[in-house]
Amino acid sequence: MAYTVRRPNLTFWEKLYIPNIIAGLLITLKHLKKMLNGETKVIMQYPEEKWDSQLPEYYRGAPTLVKDDHDRERCVSCQLCEFICPPRAITITPGELTSESKFAKVEKAPKEFLIDMTRCIYCGLCEEVCPEQAIYLRKDYAITGENRAEMVHDKVKLYELGGVMHGLVHKWNPDK
Amino acid sequence: MDFFSTLPLELMAASVAKTLFLVFLVVLPLVSYTVYAERRVSALIQDRLGPNRTGFPTSLLGFQKDLQLFLGGLGQPVADAMKFMLKEEFTPGHVNHFYFWLAPVLAMVPALSTLAVIPFGNFMFGHKMVVADVNVGILYVFAIASIGVYGIVIAGWASNSKYPFLGGIRASSQMISYELSLGLSAVPVLLIIGNLNLSDAIQYQVNNGWLLLPFTDGKLTAREMLLWIPLMISFVVFTISMFAETNRLPFDLPESETELVAGYHTEYSAMKFALFFLGEYAAMIAGSSLIVVLFLGGWHLPLLPINDIESSMTLSGSILGLVHITTFFAKVACILIFFIWVRWTLPRFRFDQLMKLGWLYLFEIALVNIFITAGILAATK
């Protein structure tokens, strides 16, 4: 049903509009003056100062692969992250573990794991969907490269960024 | 060729020199630094810092840090220009190629052409500091300035996509609406001066005080007091219409980035986009110059002696001429800062509010104002 919005009754001076424009101009001038006098505190000069140390635990930076306490790959190349990835940034080539590994007949590992960082939207769905807790969004946010090929992170790069993740993870640990 | 052969060579050389000086030494740097001022002032108003660190990129050559050659990011316009030159010039496949390439030119050229009749100084080296001292100066400005809308409309049409198209439509309706009040609000000034020549407009203000500040010649008569009322109204209407003509906020509906992506230049990239950008700012400078010439006494500074043709050949006369030119552009810069200040204060109008303001208020006020001025002039003759 259509309904009528009651408009406020404006006084003559408000209808004239110009006094309010001048009031607005004075407000912006006040801000300009405070800034010029150094009264407004500017928080941070970015490239020199960073707040990396204050990033929260749940910060969603670049997605990485992690190894467990025994230096094993956690990823078993189930490809769930590849399927859920909204911009289709992840490409996994599944592979076997080498025969000398004692888990060779039990688990699998990715032969190649590519994340295209020009596509990644840092949504964190891959981390959420991973049943093995192998993929994590870490705190790197300034991912740069000189060409497109450099922006595709391969397995080596992903483990280098990810490092080792100790113990149980956040979401399955009732104490946290 | 006959016409050109009758001209003295010195006059032609002087015109070319004045044009080069005006365009390359004054207007283009002024445009780039207006863009810088826009970014810096907007940042300060919003409690940010803005671009404050652009220096010479020595780190590209392997040094540890960039060399801070320019104080506080004053190198930013140079860096911006470099960036625009190096960017990919991309033409989408679905556009009308001829008009797509023509539009940026049409946006830039009229803005620069209007500057031809603006007297930006008194005399230097025995020459009047105006490129074309024509007797229809103000008509020329209005005629050429309204061509500026073609660039926007053609860009909107040739882009063959919905947002530029909407921007082009809005630009045409807005420009046509505000052209009326712009022209009509200048009529009281012309009635008082009695001449269309912009140099004469300044000469009148030198003799009788600036139109907006009639006491600058040291005396304030009853007639000037009376004329002050319509001139104030005229100034306000003229300035508001100038905002609309140059597509500045609160009238930037052709561009309105929150509704139309980027309006008429959505499909443009690199230097073609930069031309639209420069054209917009050049139009702002032309508009501000016109405000300064018509209402704020042009290059005239009270209490300062004025040079003439003979004295401008001497050293002191030349210095005086330089002071006049500096005064003019200082006044223009003040108006530009005001433009920027207003832009970062007011929100955008809705389209129907824009049309209502133009047709129902400014147009009528400007029209009635002409009769008031004429009445005062007739009564005090």
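This is a predicted model: local features need pLDDT of at least 70, side-chain atom pairs count only at pLDDT 80 or more; totals for chains, interfaces and linings use all residues.
Residues are numbered from 1 along each chain as its sequence is written, while chains are lettered from A and ligands numbered from 1 in the order in which they are written.

**View 1. Helix α11 of chain B and its buried residues.** Helices here are DSSP runs of H or I with at least four residues, strands are runs of E with at least two, and both are numbered from the N terminus. The end C-alpha atoms of α11(B) are 41 Å apart, which agrees with the 42 Å that its 29 residues should span at 1.5 Å a residue; the expected span is 1.5 Å times one less than the number of residues. Look for B:Leu357, where α11(B) bends by about 30° (the angle between axes fitted to the seven residues ending there and the seven starting there). B:Leu357 is also one of the buried residues, along with B:Leu354, B:Gly358, B:Leu362, B:Ala366, B:Asn369 and B:Thr373. Buried means that 20 or more other C-beta atoms, placed from the backbone, lie within 10 Å of the residue's own; exposed means 12 or fewer, and partly exposed is in between.

**View 2. Helix α8 of chain B, residues 222-245.** Its 24 residues reach 34 Å from first C-alpha to last, close to the 34 Å expected. A bend of about 35° sits at B:Trp228, and B:Pro230 follows within four residues. B:Pro230 is buried, and so are others including B:Leu227, B:Leu231 and B:Phe238. The buried residues of α8(B) pack against α5, α6, α9 and α11 of chain B. Just after the helix, B:Asn247 takes a positive phi of about 60°.

**View 3. An open three-stranded sheet in chain A.** The order is β2-β3-β5, with antiparallel pairing; strands pair if DSSP finds at least two bridges between them. β2(A) and β5(A) stand at the edges with a single partner strand each, so one side of each is left without a neighbour in the sheet. Find A:Val152 in β5(A), the bridge partner of A:Asp116.

**View 4. Where chain A meets chain B.** Here 10 residues of chain A are in contact with nine of chain B, meaning C-beta atoms, placed from the backbone, within 7 Å.

Technical notes. Two residues are in contact if their C-beta atoms, placed from the backbone, lie within 7 Å.
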